[in-house]
Amino acid sequence: MPTDPVGRFLAALDPEHREAVAARPREEQERLAAAWERELEADTELDTLDELSPPAVEAEAARRVLESGTD
């Protein structure tokens, strides 16, 4: 299991998006990972889901980051 933010973010993505994001420059990956971490911290709806399935929360937050136009 990756421990750095970029590795964790990439692991949370579905395979198609993971490949696309992994092909981006490292700086862009770091920016997306930071946005992903902010999404995980800020969204209270995810807190409820986190109790049920932490991987699902990480995947949902990653999806939101990519869809928010920050990609």
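Q: Let's start with one side chain: is Arg8 buried or exposed, or does it count as something in between?

A: Arg8 counts as partly exposed, because its relative accessibility is 22% and the buried class only takes residues under 20%. Keep in mind that this is a predicted model, and that Arg8 sits in helix α1. Across the chain, 30% of the 71 residues count as buried.

Q: Since it's predicted, where is confidence lowest, and where is it highest?

A: The general idea goes like this: where pLDDT is low, the predicted coordinates should not be read in detail. Here the chain averages a pLDDT of 86, and 85% of the residues score at least 70. Confidence is highest in α1, at a mean of 95, and lowest in helix α4, residues 44-52, at 65.

Q: What does the secondary structure of the chain come to?

A: You'll find five helices and zero strands. Reading from the N terminus on, the elements run α-α-α-α-α. Contacts also reach across the sequence: of those with a separation of 6 or more, 52% are between residues 24 or more positions apart.

Q: How do I read the way two helices pack, say α1 and α3: at what angle, and how far apart are their axes?

A: Look at the angle first, then the distance. Helix α1 (residues 5-12) and helix α3 (residues 26-42) pack at about 75°, and their axes are 8 Å apart. Angles of 65 to 115 degrees count as roughly perpendicular, so that is how α1 and α3 are described.

Q: Which residues make that contact?

A: On the α1 side, the contact is made by Pro5, Val6, Arg8, Phe9, Leu10 and Ala12. Helix α3 brings Arg26, Gln29, Glu30, Leu32, Ala33, Trp36, Glu37 and Leu40. Sorted by class, that contact has nine nonpolar residues, one polar and four charged.

Q: With charged residues in there, which partner forms a salt bridge with Glu37?

A: In general, side chains of opposite charge can pair when their charged atoms come close. In this case the partner is Arg8, with the closest N and O atoms 3.2 Å apart.

Q: How many salt bridges does a search of the whole structure find?

A: The search finds 10. One of them joins Glu67 and Arg63, whose closest N and O atoms are 2.5 Å apart. Glu67 and Arg63 both lie in helix α5 (residues 54-67), four residues apart, which is about one turn of the helix. Glu67 is exposed, at 56% relative accessible area, while Arg63 counts as partly exposed at 37%.

Key:
Residues are numbered from 1 along each chain as its sequence is written. This is a predicted model: local features need pLDDT of at least 70, side-chain atom pairs count only at pLDDT 80 or more; totals for chains, interfaces and linings use all residues. Side-chain values use heavy atoms; hydrogens and water are left out. Axes are lines fitted to C-alpha atoms, for helices over the stretch in contact, and angles run from 0 to 180 degrees between N-to-C directions. Angles under 35 degrees count as roughly parallel, over 145 as roughly antiparallel, 65 to 115 as roughly perpendicular and the rest as oblique. Contact means heavy atoms within 4.5 Å. Ala, Val, Leu, Ile, Met, Phe, Trp, Tyr, Cys and Pro count as nonpolar, Asp, Glu, Lys and Arg as charged, and the others, Gly among them, as polar. pLDDT is the predictor's confidence in each residue, from 0 to 100. A salt bridge is a side-chain nitrogen of Lys or Arg within 4 Å of a carboxyl oxygen of Asp or Glu. Buried means under 20% relative accessible area, exposed over 50%, partly exposed in between (1.4 Å probe, protein chains only).
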